[in-house]
Amino acid sequence: MGREVSESCVDSLLTEMVSSYCDRFYANKPDLAARRIEAIGFQVGLQLSERYTMERPRFSDHLEAIKFICKDFWFELFKKQIDNLKTNHRGTFVLQDN
């Protein structure tokens, strides 16, 4: 049985974390605060993606991975599909969420 936390509790926690980094830990260094918050977000995203793909077979190509992110992973995280996906057909993908 999985444990669930209210979405509003998670929102409050994240708001407080960002506030702490910006106002207390790195009050005089906003660029450093932004880089640190981004690094935390990257690490959380990496761990979530590993958790959600643990029991799936490996993706055979980039397109299969992008489809998984846009359809399954994004919906699990945000309870909605991604708004737009653009590509230059040379391996660059831009995911847009309004």
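Start by selecting helix α1 (residues 7–25) together with helix α2 (residues 30–53): the two pack at an angle of about 150 degrees, and their axes lie 9 Å apart. Because angles over 145 degrees count as roughly antiparallel, α1 is roughly antiparallel to α2. Keep in mind as you look around that this is a predicted model. Turn the view until you can see α1 pass α2, and you will find a right-handed crossing.

Next, show the side chains where these helices touch. On the α1 side, pick Met17, Val18, Tyr21 and Cys22; they meet Ala33, Arg36, Ile37 and Ile40 of α2. Colour this contact by class and you will get seven nonpolar residues, no polar ones and one charged.

The axes of α2 and α3 come within 11 Å and cross at roughly 105 degrees. Angles of 65 to 115 degrees count as roughly perpendicular, so that is how α2 sits relative to α3. To see where they meet, select Gly45, Leu48, Ser49, Tyr52 and Thr53 in α2, along with Phe68, Phe73, Glu76 and Leu77 in α3. Coloured by class, this contact splits into five nonpolar, three polar and one charged.

Which residues are closest to its centre? Select Val10, Leu14, Val44, Leu48 and Leu77, which hold that place among the 23 residues of the lining. Colour the whole lining by class to finish: 13 residues are nonpolar, four are polar and six are charged. You have already visited Leu48 and Leu77, which also belong to the contact of α2 with α3.

Terms used
Residues numbered from 1 in each chain as written. Predicted model: local features only at pLDDT ≥ 70, side-chain atom pairs only at ≥ 80, totals over all residues. Heavy atoms only, no water. Axes fitted to C-alpha atoms, helices over the stretch in contact; angles between N-to-C directions. Helix = DSSP H or I, 4+ residues; strand = E, 2+ residues; numbered from the N terminus. Parallel < 35°, antiparallel > 145°, perpendicular 65-115°, else oblique. Left-handed = near helix turned anticlockwise from the far one by under 90°. Contact = heavy atoms within 4.5 Å. Nonpolar A, V, L, I, M, F, W, Y, C, P; charged D, E, K, R; others polar. 1 Å grid on protein atoms, 1.4 Å probe; cavity = no way out; pocket = protein on both sides within 12 Å on 5 of 7 lines; lining within 4 Å.
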